[in-house]
Amino acid sequence: MVVLPIRFERSPRLHPMLSEVAHPVGTRVVVQGKRGPEVATVRGEPTPPQEQERYGAVLRAATPEDLSRWEELHATGEDLKWLLRARARQRSLPVKVVAVEFTLDESLVTVSYSAEERIELTGLISELRGHTRARVNFAAVGPREQAQMIGTLGACGRENCSSTHLQDFAPVSIRMARDQQLPLNPEKLSGPCGRLLCCLQFEHTQYLDLLKDLPRKNARVCHEGSGACGKVTKLHPLVGTVDVTTDQGVLTDVPAAELRRLTDAEIKALPDTGRGGGRPGRPNRAQPRE
C-alpha cells in the first residue's frame, strides 16, 4: 500500500489517500471521498503510509466509462446551478448558488451556496426532485471558498492563489500590510473575494526578515556620512533604504547601513527645535526628493 496525493477539481488542496497501485502523476482515478465515489487526479509521487494517520482510498484508475459519466454529471450540475439561481431570484432568496456537484454513483448532490445570513433553502429541494433522485446536501461556503471554487483573476493578472496552489486559508491581518509598508486602502488590499489578500500572509515572513535590518519608523537616526540627524518616516524593506526627515525638513532616501540610531541620551541632548529634538513638535513640510 502507498499514499498518493490526490486533487479534486473543486480545490487545489491535496488529500493523501491509500492505494494498492502507485499510479503515475496525472492519472485520473476514482476515489472514495467523504461524500462518496468521485473522480480525482493524482498530483504527486507515492509515499509510505504513516501510522495513526487516517486516509481516504483510491478505488481504481478511472475507466473511459467513468470519465464519460463524470462529464455528464458535471454538465448536469452546471445546468442545475443556473436553474437554482433563477428559482432563488424568483423566490427573492438572498443566496448565491456557487456549485452543484454529484458523486459518481449519483447518490448525493451537494449544493454549495453563499449567503450573508441564515436562510431556509428547503424550497429549492423540490426544484431538484424533477431532475435527480439523489439525496440533496446544502453546504455553506465563505467568500474565500467561493473564490476558490469559481476561480477568479488576481491583481497580478494570474488566476487567484486560492484556486491554484493554496492548501489552507491561513489568517491574514492588517498588521501584515503595515509590515509591507502598504497604504491601508481596502480596495488595494482586498482580493476578488473581498477579504484581505492571501499573498500578504505567505510573504509576511520574508518582510519580517528584511525589517530586522532597518530602523523602526519614527526612530531618531543620524547619517554617518553627512552627520545630518532626523526621524525615520518611511521604510523600503525590499531595497533596504529608509526615508528620513532631517531637522531642516529635508526628506532623504538613504541606505539603512549608513544610518546610526541615536541613544536616549543623545536624543535628550538635542536642542528642542520642534523638529528633531527630544520632544517632537510639528514637523516642517518635507521637501520633495530630486
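The link of Cys222 and Cys229 is right-handed, with 90° about the S-S bond. Here the two sulfur atoms sit 1.8 Å apart and form a disulfide, a term that covers a pair of cysteine sulfur atoms within 2.5 Å. The structure holds one such link. Both partners, Cys222 and Cys229, are buried, where buried stands for under 20% relative accessible area, exposed for over 50%, and partly exposed for what lies in between (1.4 Å probe, protein chains only).

Keep in mind that this is a predicted model, in which local features need pLDDT of at least 70 and side-chain atom pairs count only at pLDDT 80 or more, while totals for chains, interfaces and linings use all residues. Residues are numbered from 1 along each chain as its sequence is written, and side-chain values use heavy atoms, with hydrogens and water left out.

What about other cysteines? Cys193 has its closest cysteine sulfur in Cys198, and at 6.1 Å that is too far for a bond. As for Cys161, this residue is partly exposed, at a relative accessible area of 25%.

Now let us step back to the domains. An automatic or database domain assignment supplies the bounds: domain 1 (2–62), domain 2 (67–141), domain 3 (163–210) and domain 4 (215–269). Take domain 1 and domain 3, whose C-alpha centres lie 31 Å apart. Four residues of domain 1 are in contact with six residues of domain 3, contact being heavy atoms within 4.5 Å.

Together these two domains bury about 380 Å², with carbon and sulfur atoms giving 38% of that area; buried area is the accessible area (1.4 Å probe) that two parts lose on being put together, summed over both. Which residues of domain 1 lose the most area to domain 3? They are Arg7, Pro12 and Arg13, together 89% of what that side buries.

Across this interface of domain 1 and domain 3, the rule finds zero salt bridges, each defined as a side-chain nitrogen of Lys or Arg within 4 Å of a carboxyl oxygen of Asp or Glu.
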